[in-house]
Amino acid sequence: MAIDDRPGITIPNRIEDLPTSQARFIGRTVDRVEDPMLLTGRAEFIDNLSFPGMLHCAILRSPHAHARVVSIDIAEASRAPGVLAVLTGEDCQRWSQPTPTVPEGWGTYCLATDKVRFVGEPVVAIAATNRYLAEDALELITVEYEELPPIVDATKAADANAPLVFEDKGSNVMLQRVFTWGDVDGAFAAAAHVFTETFRWHRLGANPIETFGVISQWDPIENALTCHGSFQSQYHMALARSIVLGLPSNKVRLMSQPHGGSFGGKGGARGTDITALLSRKIGGRPVKWIEDRMEYLAGGSSQSWDRHYEASLALDANGTVTGFKVKLLDDLGATAEGWGAVSAAKPLAAFTGCYAIPVAQYDLTIVATNKLPGSPYRGMGPPPHNFVLESLMDIAARELGIDPADLRRRNYIPKDQFPYTIASGNEYDSGDYDLALDTVLEMSDYQKLRAEQAAARAEGRLLGIGLVNTIEPGVFDWNAYAIVGQPGTGVPEGATVSIDVFGKINVKVGFSLEGQGQYTVLTQVLADYFGVELTDVRVVPCDTLSAPPHFGPGGSRLGVSITGAALGAADLLRQKLIKVAAGLLQTEPANVELMDGKLQITGVPGAEIPLAQVAGAMIARSDLLPPGVDPNAEATYAWTATGRTPADDQGRAKSYLTAANACHVVLVEVDRETGHVEILKYFIADDCGTRLNPANVEGMTQGGVAQGVGAALLEEYCYNEDGQLLTSTFMDYLLPSVYEVPMTEKKALVTPSPFTPLGAKGVGEGAMHTTPAAILCAINDAVAHLGVRATAVPASPHRLWTLLQDAKPGG
Amino acid sequence: MATPRTITLSVNGTTHQVTVEPRTTLVDLLRGDLGLTGTHVGCEHGVCGACTILWNGKAVRSCIMLAVQADGSEVTTVESMAQDGELHPIQQAFMEAHGLQCGFCTPGFLMSISELLTRSPDPTDEEIKDTLGGQICRCTGYQSIFTAVRLAIKKLADARAAGGSA
């Protein structure tokens, strides 16, 4: 079985259809090819690189949330020891443009010009012979500010008298629209039950252990720019730099270095522009900037999802959900530069979760405030959305006296209904939600957990069970974000596969290491396809000018996409090799097949030539090449999901190609005296189709649980009323440690995708989609009988303790 | 700017005499002057543990320690672990147990665990947790790291039983 990706190209939909009698690597856990260099500290993370003549950048940042820049005095700093260049907003106005944004027109220059809009905004940058001297010189800069009243509370951002973040816009509202899918009013009018609640998801974010870093070098003769950096998507970063810095796109060369995690929140646009302009100002010496952690927390791509929700669920008398309405006020911060608005659009890809809810509505308002611009973060918006939907499902279950597992089961999309188009327009490829639920109920011994809960409550302890299942939309497409102004359909990912004269395989790609193990997956696929060992395959990361079309990791996409690219390129190469082998075997190409690393005549035992010999003949024996075959054992293929549709006027599109799903059950205990939550047990049944590398999937699932625990209980960026960030270190912004993250019990389910290479679904964000909702549902299950309800994330001890003060007496 | 000081320290068994400003952090000395870039910087305020090294055998944060404090001491970094092209048993265990993803925090974990297993070759789960509790990993959710430590304990014990020196 194969997916017909393009005429003449065969991409197998099942591992069994690879040209091997027995796949030895793909679908199995193997040692990662990335690991030896990472374990020995040899990976070339950006701060490990150094170039001759390199200078070091330090950045002076705004201490105010909102202020006019009256004057900047850099005279003394310019004369400080080791300083070679000082860059200000004036230079940026002369040499660059405000950064492009989604929604359009809400960007600024990389250094402040007329005013500052958030605490931590870059104002002046210095290049010096080392970072210590650069930071010394920052202290010699005098900036005179005229403070302006800040807008910090998003609920007041649209008020007529609110201070304006961008005066020329005349409003702080970046986007306001209502998307209606079906007769929502009718459904709610006819409903037997309607449940409405408000929810608050506070700011949190990615915090990879490596911050962003870059080395930029301007070429003043060629008028060209080369940057090495921890870029998550080097190609899109390069395109935007071309626009911002006024360079032809083929004069901008970006190279993504291995980086220490991203989770969507690596960022780096400002740092890249600042170092590029500093390098330009000093005539082309390379300039390095490594963001420090406090810069990251206050001024990096660290903050996401500052959201105020009001949502309603309509049900009929049988507990069938008939409608779902969400009103979201999304506080994007000072600009739209961080691409965070896209997180308000992505929920359309799985708006109604696992449920067959026929109609829905999304009332979306995105506002600007004087806080750090919002960025993407693992999950890109659905984690808060799922928290809202799943909390409402629990509220409905509780009010109607139905077990939360049963209410969910009644509303699942039945497994025979796939592919299934949801109200918000996306199509789910496949799934079996009953199976996931049954599996996790059995794993957790759900009834026994209920008994445990009852026994504990009799002792006055607050135990609660959360049961949540979600969809993880996988293989993102730009069309999913059309409602916030993102253009495009299709996200090509390419691979160039070549075989050398000794039969060794190289594969060139446009992304670097980020942690998900994609080099290993790529190696597994190609080793099985060509019947070679893992060590015979080498992945070669290329820069933006030499790589095939690429996006890189993001949107639960790369595992599927790069598998498609590798298999497409392998198929093109196979077709070439067959022509050459047919000549060598003196038969017709139609009689020749690739199997287990040999080109053989079908059905004739022994009539075969090893792969290396055929590739060698292509490169070194032109006299043996059939006409029309080039002397190049290499092929390039760019894969993108087929059948994607542009969004209609209500934002509906076939966007994310796959719908993985997972069902989590968690048991928590809430300490009534302190508001502290302890996770006692955690079970996961997870279905992401074919697992290309089970350990990769399991690792990302557990990592997603950890970030979900952080979101649910610990992590929060707090600003005071003046717009000052109060959580500017890891002493205040709390990342989960081994003490908070549960060791989970996991079970893998496999409902392959009918549409993807090898049947794999996008994976990596699913647990982050699910865990925060599951923990909040568990907390409410523990405290509901006290007459209180937790509706804010994170459910920190203080927040829960405050809530519990309102508990019913005697509860 | 204070007068630079000349210090002598042993790093992974090699003696270095270097002249540094008193404010230079130990991690900047290791990564910059000595070119040992395997030790990473994650937070620069002593919380995340990515920069953990061994100072006279004790696991310490090299981002909040000054280079001059290491004068006369023995420092061990991740570069010391693999020998003759072979991974150290703890590194091997991390690979087999999938104890890393992006790998940025990993050198810090390796050094902490190496200290633990030198001090306590057969630690309890609580001891392991106590050690891992000082390190932040944003990728793995710790479960596979825990497994890796258990595997490393076994590998080291097997090596000792076989009379190896690891």
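**Reading chain B and its contacts**

Author: Among contacts in chain B between residues at least 6 apart in sequence, 59% join residues at least 24 apart; two residues are in contact if their C-beta atoms, placed from the backbone, lie within 7 Å. This is a predicted model, in which local features need pLDDT of at least 70 and side-chain atom pairs count only at pLDDT 80 or more, while totals for chains, interfaces and linings use all residues. Residues are numbered from 1 along each chain as its sequence is written, and chains are lettered from A and ligands numbered from 1 in the order in which they are written.

Reader: Which elements make up the secondary structure of chain B, and in what order do they run?

Author: Helices (H or I, at least four residues) and strands (E, at least two) are DSSP runs, numbered from the N terminus. Chain B has 5 helices and 5 strands, and from the N terminus their order is β-β-α-β-β-β-α-α-α-α. Its radius of gyration is 16 Å, close to the 15 Å of the globule rule for 166 residues, so chain B is as compact as a globular protein of that length. That radius is taken over C-alpha atoms, and the rule is 2.2 Å times the number of residues to the power 0.38.

Reader: What percentage of the residues of chain B count as buried?

Author: A residue is buried if 20 or more other C-beta atoms lie within 10 Å of its own, with C-beta atoms placed from the backbone. In chain B, 54% of the 166 residues count as buried.

Reader: Into which domains is chain B divided?

Author: Domain bounds come from an automatic or database domain assignment. Chain B has domain 1 (5-79) and domain 2 (89-160). In chain B, 15 residues of domain 1 are in contact with 11 residues of domain 2. On the side of domain 1 of chain B that touches domain 2 of chain B, strand S3 (52-55) and strand S4 (58-61) each supply at least two residues. The largest share of that side, 3 residues, comes from S3(B).

Key. A residue is buried if 20 or more other C-beta atoms lie within 10 Å of its own, exposed if 12 or fewer, and partly exposed in between; C-beta atoms are placed from the backbone.
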